[in-house]
Amino acid sequence: MILAQSGDCGDAVDERHVQVDHDRVGGELVDELDCVEAVRSLTDDRQLGLALDQRAQRFEERVVVVRQEDANRRRRRFREVRQGRDVSLAAVSMQPAGRHLALIGAPLDLGAGRRGVDMGPSAIRYAELAEHLAEKLGIVTNDLGNVEAPVVESLAIDDKKARFLPQILALCDRVAKLVEQARLRGETPLVVGGDHSVALGTLVGMAQAHGPGGVIWVDAHGDLNTPETSPSGNVHGMVLAAALDLAGAAFHYDDWTLPAIEPGKLALVGVRSLDQGERELLKRLEAKVFTMSDLDKRGVEPCMREALEHASGGAFLHLSLDMDAVDPEHAPGVGTPVRGGLSYREAHLAMETVAEFGAVDSFDVVEVNPVLDRENATGKLAVELVASALGARIL
């Protein structure tokens with residue numbers, strides 16, 4: 001394992017570990033954005049009976065300076081543009097114009113030990129993800145709807161070491177096919193979950209299209225358990241090990257490309273809760289691991305940039321954002337909250353660094369749980385963080 005810096009990072013994790021879950025379980029001219037028609041979400045996305053806020057207060061028009069880039073992300077020139085109304089932290093794109101996003105909902109909660117994350121895709125759509133990206137960044141969203149997901153009440157647990165694994169793999173296969181097709185159309189896949197198990201489908205789909213690639217895993221947890229080491233049997237805690245083809249033959253499915261991650265192209269950011277089996281596995285991996293202690297000592301931006309550099313250079317680069325990486329004070333509606341996470345601004349800075357790096361090919365945002373949320377605060381934060389990762393800025 002390649003540590004972020006000298007020192008005993010394992011001890012740092014132990015000292016900061018607080019487990020809450022008892023189950024253990026180019027620049028673009030902004031005045032042109034008004035011409036972009038947002039893709040509307042599906043009709044059933046507004047069925048959540050949540051007390052949701054109205055759109056944030058808009059601000060006055062102002063003049064900003066943005067950097068223009070060409071399709072290959074080379075800097076071309078700086079240009080003054082007039083920026084209109086704003087609804088969030090950021091309104092100016094630092095990404096190349098013309099990006100098309102394929103939005104895939106994966107309403108799965110079989111991999112977790114707590115119910116509710118199956119409503120995460122609806123909560124994120126309700127927070128107007130597509131509209132926000134169109135208005136602020138000129139990104140066209142092709143909303144592919146939700147993949148079909150079974151409900152736990154209709155199923156029986158056949159393996160307590162990896163609960164509901166056959167059903168989870170079948171759903172991930174549907175996600176993988178949609179991701180692969182999106183890449184062939186030249187779109188950027190964004191999978192919204194659902195528990196973190198769905199990321200296996202995203203990674204398999206990217207590997208099917210391009211071959212094994214690199215991954216930035218922003219998460220409070222390692223998700224590197226196996227059926228033999230998991231204390232809970234929850235598959236969302238095994239998904240990264242499965243993508244590395246280290247979770248055993250039980251995770252092989254049809255003609256999947258596994259491992260989906262190239263050796264030496266994995267970076268974990270924001271870790272603060274690891275099981276012993278995960279620590280042992282990390283000792284054998286060429287992975288960069290940035291605990292919350294590392295981020296405190298060195299800063300979010302340098303750690304995130306080093307993580308991106310480590311994971312890049314493969315067939316693709318994927319960002320997986322578990323919303324429990326953010327402190328529960330700012331993201332209360334997550335499946336497995338752990339105190340001591342990223343602050344609101346730190347989370348945005350991490351995603352802004354992703355956009356500045358300019359090499360991420362696919363995304364997933366997972367573990368939004370409206371049942372535990374406050375007025376969809378976590379769903380709205382997820383939308384803001386996606387926008388920051390795609391190039392939104394304050395100025």
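Modeller: Buried means under 20% relative accessible area, exposed means over 50%, and partly exposed lies in between (1.4 Å probe, protein chains only). This is a predicted model: local features need pLDDT of at least 70, side-chain atom pairs count only at pLDDT 80 or more, and totals for chains, interfaces and linings use all residues. Residues are numbered from 1 along each chain as its sequence is written, and side-chain values use heavy atoms, with hydrogens and water left out.

Biologist: Are Asp143 and Arg125 buried or exposed?

Modeller: Their side chains meet in a salt bridge (2.8 Å, N to O). A salt bridge is a side-chain nitrogen of Lys or Arg within 4 Å of a carboxyl oxygen of Asp or Glu. The pair links distant parts of the chain, 18 residues apart: Asp143 is in strand β5 (residues 140–146) and Arg125 in helix α2 (residues 120–126). Both residues are buried.

Biologist: How are helices and strands assigned?

Modeller: Helices (H or I, at least four residues) and strands (E, at least two) are numbered from the N terminus. Both are runs from DSSP.

Biologist: Which helix holds Glu306, the partner of Lys288?

Modeller: The side chains of Lys288 and Glu306 form a salt bridge at 2.6 Å, N to O. Lys288 lies in strand β9 (residues 287–291), so the pair ties together parts 18 residues apart in sequence. Glu306 lies in helix α9 (residues 300–311).

Biologist: Why does Lys288 count as buried?

Modeller: The cut-off is under 20% relative accessible area. Lys288 counts as buried because its relative accessibility is 12%.

Biologist: What is the relative accessibility of Glu135?

Modeller: Glu135 meets Lys136 in a salt bridge (3.3 Å, N to O). Lys136 is buried, with a relative accessible area of 3%. Glu135 also counts as buried, and its value is 19%.

Biologist: Which side chain makes a polar contact with that of Ser362?

Modeller: Ser362 sits in strand β11 (residues 362–366) and is buried, with a relative accessible area of 0%. A polar contact is a pair of N or O atoms within 3.5 Å; within protein, one must be able to donate a hydrogen and the other to accept it, and residues adjacent in sequence count only if both atoms are side-chain atoms. At 2.8 Å, the partner side chain is that of His318.

Biologist: How many salt bridges does the structure hold?

Modeller: Some form a network, linking Glu301, Arg305, Glu356 and Arg393. The structure's count is twelve.
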